[in-house]
There are 2 protein chains.
Amino acid sequence: MDLTEKITERAKEFFADSKGSHDWDHTLRVYNTCMHIGRKENADMEILKIAAILHDIGREHQDKHNGKYCHAEQGAILAKKLLSEFQMDENKISRIIHCIETHRFRGSLIPESREAKILFDADKLDSIGAVGIGRAFLFAGEIGAKLHDKNVDIETTESYSRDDTCYREYLVKLRYVKERMQTNEGRRIAEERHNFMVEFFNRLNREIEGNL
Amino acid sequence: MDLTEKITERAKEFFADSKGSHDWDHTLRVYNTCMHIGRKENADMEILKIAAILHDIGREHQDKHNGKYCHAEQGAILAKKLLSEFQMDENKISRIIHCIETHRFRGSLIPESREAKILFDADKLDSIGAVGIGRAFLFAGEIGAKLHDKNVDIETTESYSRDDTCYREYLVKLRYVKERMQTNEGRRIAEERHNFMVEFFNRLNREIEGNL
């Protein structure tokens, strides 16, 4: 086993009890998208691979506490500890940690390096398009939210509540994802996936109203 | 309050603890679709209205026992008891009960009356198209299933398991819905919603493979 494989095996352990919307499969999708964008943007692929593999290991901690902790901050702490066990170069570790701690959409830290920008884009792309719609409904099911309310008021309703539907997530976050992209290739894919989401919700509303 | 409103109030009580994929909103959508198809097919609207309102009151019983009981049979028993409290004509009751006990896709009883056929179609239409996709992902989240596996083997995987994804539900049931429609208007809507599901899953697979 090479270093990346060893880290992958360790990373998987953090997903033993994970829910479907943020499980190990999400990490694999983000990894694949990172590889795609990374090649186009001449990234340091070793840094990018390890950052992608480890980017969500703090997720369970956030979910267990109903969103009280930031999984990016928590993931950076866990990743630093894990990587130090492999006698990795301190500079490499800090470049990887920078990617992990800045990957969150709602986070306060900004991705500065090329690899951090690519991880940010790949992670966000997994929240839009058909895959994003599927994940948002799945997450709504996990927290006991209802199917849909086209008139949901995002100001008076709360996350992790029965009103925290896929469509609310679209209004609060998903519709803005394309504006936050950090790389050219990320932006191109985001535009295309965004248009599909718009089409999906238009259709959903018309079906529910009985017009389709 | 007229009779339908009184029955509606009683019916709602059965959904106090219901999950999003089969909650009271589902009943309202089915009711609207019944009204739409019923007008086109010259149905007895009183029978159809009450049947639509009561069709899923046995759902919680089925869900609480992980699918061991049939919610259509259970719903028919509960509805009979409820309607007899309103001194309703025995013939009307039995026509309503026929609709409820035959509305299940996997059920053994066949819808014979016009109203039963319409309720069957309206209920099934709510499981396909954009609304069907949303509901199937929501249900997958509720039972702790994962997001997607395009190679899922429906023979070796089980319902109510981690493998019981939206796509598995599509392969097992949703892709056949259009062939089961009982009315002309139901068939027309089903064809159209079916095509959107095909498009959605094609897109989902391409996104996950990193090709879109």
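Predicted model: local features only at pLDDT ≥ 70, side-chain atom pairs only at ≥ 80, totals over all residues.
Residues are numbered from 1 along each chain as its sequence is written, chains are lettered from A and ligands numbered from 1 in the order in which they are written, and side-chain values use heavy atoms, with hydrogens and water left out.

We begin where the chains meet. Counting contact as heavy atoms within 4.5 Å, 34 residues of chain A touch 34 residues of chain B. The area buried between chain A and chain B is about 2,900 Å², and carbon and sulfur atoms give 59% of it; buried area here is the accessible area (1.4 Å probe) that two parts lose on being put together, summed over both. Of the area that chain A buries against chain B, 20% is supplied by Leu138(A), Leu147(A) and Arg203(A), more than any other three residues supply.

Arg203(A) also takes part in a salt bridge, its side chain meeting that of Glu192(B) at 2.8 Å, N to O. The term salt bridge stands for a side-chain nitrogen of Lys or Arg within 4 Å of a carboxyl oxygen of Asp or Glu, and by this rule there are four across the interface of chain A and chain B. Between these chains there are also eight residue pairs in polar contact, both residues at pLDDT 80 or more; a polar contact is a pair of N or O atoms within 3.5 Å, where within protein one must be able to donate a hydrogen and the other to accept it, and residues adjacent in sequence count only if both atoms are side-chain atoms.

On the side of chain A that touches chain B, helix 2 (24-40), helix 8 (129-142) and helix 10 (184-208) of chain A each supply at least two residues, and helix 8 of chain A gives the most, with 11 residues. Helices are DSSP runs (H or I, at least four residues), numbered from the N terminus.

Within chain A, an automatic or database domain assignment gives domain 1 (1-110) and domain 2 (127-212). The C-alpha centres of these two domains of chain A lie 24 Å apart. In chain A, 16 residues of domain 1 are in contact with 17 residues of domain 2, and the area buried between the two domains is about 1,400 Å², of which carbon and sulfur atoms give 54%. Across this interface of domain 1 and domain 2 of chain A the rule finds zero salt bridges and one residue pair in polar contact, both at pLDDT 80 or more. Helix 2 of chain A gives the most to the side of domain 1 that touches domain 2, with five residues.

Over all chains, the structure holds 32 salt bridges. One of the salt bridges joins the side chains of Arg10(A) and Glu85(A), at 2.7 Å, N to O. This pair links distant parts of the chain, 75 residues apart, with Arg10(A) in helix 1 (residues 3-12) of chain A and Glu85(A) in the loop between helix 5 (71-84) and helix 6 (90-101) of chain A.
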